[in-house]
Amino acid sequence: MTTLRAGWILTQRELAHWVREPWSPIFGVLFSIMLLLVFGFLFGGAINLPGGGDYIDYLLPGMLALSMMFGVESTATAMANDARKGITDRFRSMPIGSASVAFGRVGADMTNSAVELFVLIVGGLLVGWRITSDPASAALAVLLLLLLRFAVLWIGIFLGLIFRGSGGTTAVQVLVWPIGFLSTAIVSAETMPAWLGAIAAWNPLSATATAARQLFGNPTGVTGGVLEDGAVWLALAWPLVLVAIFVPLSARAYRKLRA
């Protein structure tokens, strides 16, 4: 059996779990919607954007990018639980490639992410967000968002294989929250202290959020710097770098489970 074929079968296994117990993806979507409503309607009136523009139009692409970071805990937890309970050992006894288990998990999570992204986009349109660009640019924005999700999933898989217990979930949470909020997802880097804004501008999440805003035709909150002209290229480059780093690390961690 080929690695991709086995990965697809394991993807169906994970999706079947979510069909029987749908609460995790449902609450993940509700959490993202809650953050959108809190920041958009409670705090949005107090936030001014550099360069002008409506805050809801600025916030929505940032929340879409932020939602691609959230939920990685479930991937790390699932990989850690399978390794701890011996399920991974059973998979290894089968005639399938060693990458099939990770591909199966990534496939299921990407399916869930696409559904979550669709729900959030519809929710954003309902609360007043508008896409003012052409369909091709909007489709590219969605692809860049999913590419970010694909990249950070491999970080979750790596941590789940390294920490074979609740430590994996904790490690991902410690990673996701600072990276998520130390970015331009919610506020412009130009409103931060100079040193903090520089860090936020080079955050991979900031690149994807700014690129999505540009491609959706929304205000970017950027009036200069690396994100003004290079956001789309950075949104493509950062995930590829993360994949190049963490796919080999995940493969190495998986092989070590055999010891």
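User: Let's start with Arg149: is it buried or exposed?

Analyst: Arg149 counts as buried, because its relative accessibility is 1%. Bear in mind that this is a predicted model.

User: Which side chain does Arg149 meet in a salt bridge?

Analyst: That would be Asp109, with a distance of 2.8 Å from N to O. Asp109 lies in helix α6 and Arg149 in helix α7, which covers residues 135-162, so the pair ties together parts that are 40 residues apart in sequence.

User: And Asp109, buried or exposed?

Analyst: Buried: Asp109 has a relative accessibility of 1%.

User: Why would two side chains like that pair up?

Analyst: In general, side chains of opposite charge can pair when their charged atoms come close.

User: How many salt bridges turn up in the whole structure?

Analyst: A search of the whole structure gives 1.

User: What about Glu116, where does it sit?

Analyst: Glu116 is in helix α6, residues 100-126. It is buried but has no salt bridge.

User: Which side chain of opposite charge is nearest to Glu116, and how far away is it?

Analyst: Arg149 again, at 4.7 Å.

User: What does Glu116 touch, then?

Analyst: Setting aside neighbours within four places in sequence, Glu116 is in contact with Gly28, Val29, Ser32 and Ser67.

User: Let's zoom out. How many helices and strands does the protein have?

Analyst: There are 11 helices and 0 strands. Reading along the sequence, you go α-α-α-α-α-α-α-α-α-α-α.

User: How much of the protein is buried?

Analyst: Of its 259 residues, 49% count as buried. The accessible surface is about 12,000 Å², and 70% of that belongs to carbon and sulfur atoms.

User: Can we look at one helix? How many residues of α10 are buried?

Analyst: Helix α10 is mostly covered, with 12 of its 13 residues buried. Among the buried ones are Pro204, Leu205, Arg213 and Phe216.

User: What does α10 span, from its first C-alpha to its last?

Analyst: Helix α10 runs over residues 204-216 and reaches 18 Å, close to the 18 Å expected at 1.5 Å a residue.

User: What happens at the ends of α10?

Analyst: Asn203 caps the N-terminal end, where one of its side-chain oxygens lies 2.9 Å from the backbone nitrogen of Leu205. Just after the helix, Gly217 has a positive phi of about 80°.

User: Now Ser183. Where is it?

Analyst: Ser183 belongs to the loop between α8 (166-181) and α9 (194-201). It counts as buried, since its relative accessibility is 1%.

User: Which residues does Ser183 touch?

Analyst: Not counting residues up to four places away in sequence, Ser183 touches Met192, Ala200, Asn203, Leu205 and Ser206. Asn203 is also the residue that caps the N-terminal end of α10.

User: What does the side chain of Ser183 reach?

Analyst: It reaches the backbone oxygen of Gly180 at 2.7 Å. A polar atom of the Ser183 side chain also lies 3.2 Å from the backbone nitrogen of Ala185.

User: Last one: Leu175. Where is it, and how exposed?

Analyst: Leu175 lies in helix α8. It is partly exposed, with a relative accessible area of 31%.

User: Which residues is Leu175 in contact with?

Analyst: Beyond its neighbours within four places in sequence, Leu175 is in contact with Ile155 and Leu159. The C-alpha atoms of Leu175 and Met69 are separated by 9.7 Å, while the two residues are 106 residues apart along the chain.

How values were computed. Residues numbered from 1 in each chain as written. Heavy atoms only, no water. Helix = DSSP H or I, 4+ residues; strand = E, 2+ residues; numbered from the N terminus. Buried < 20%, exposed > 50% of the residue type's maximum accessible area, 1.4 Å probe, protein only. Areas by Shrake-Rupley, 256 points an atom, 1.4 Å probe, with all protein chains shown as cover. Expected span 1.5 Å × (residues − 1). Polar contact = N/O pair within 3.5 Å; in protein donor to acceptor, adjacent residues only side chain to side chain. Lys, Arg positive; Asp, Glu negative; His and termini not counted. Salt bridge = Lys/Arg side-chain N within 4 Å of Asp/Glu carboxyl O. Contact = heavy atoms within 4.5 Å.
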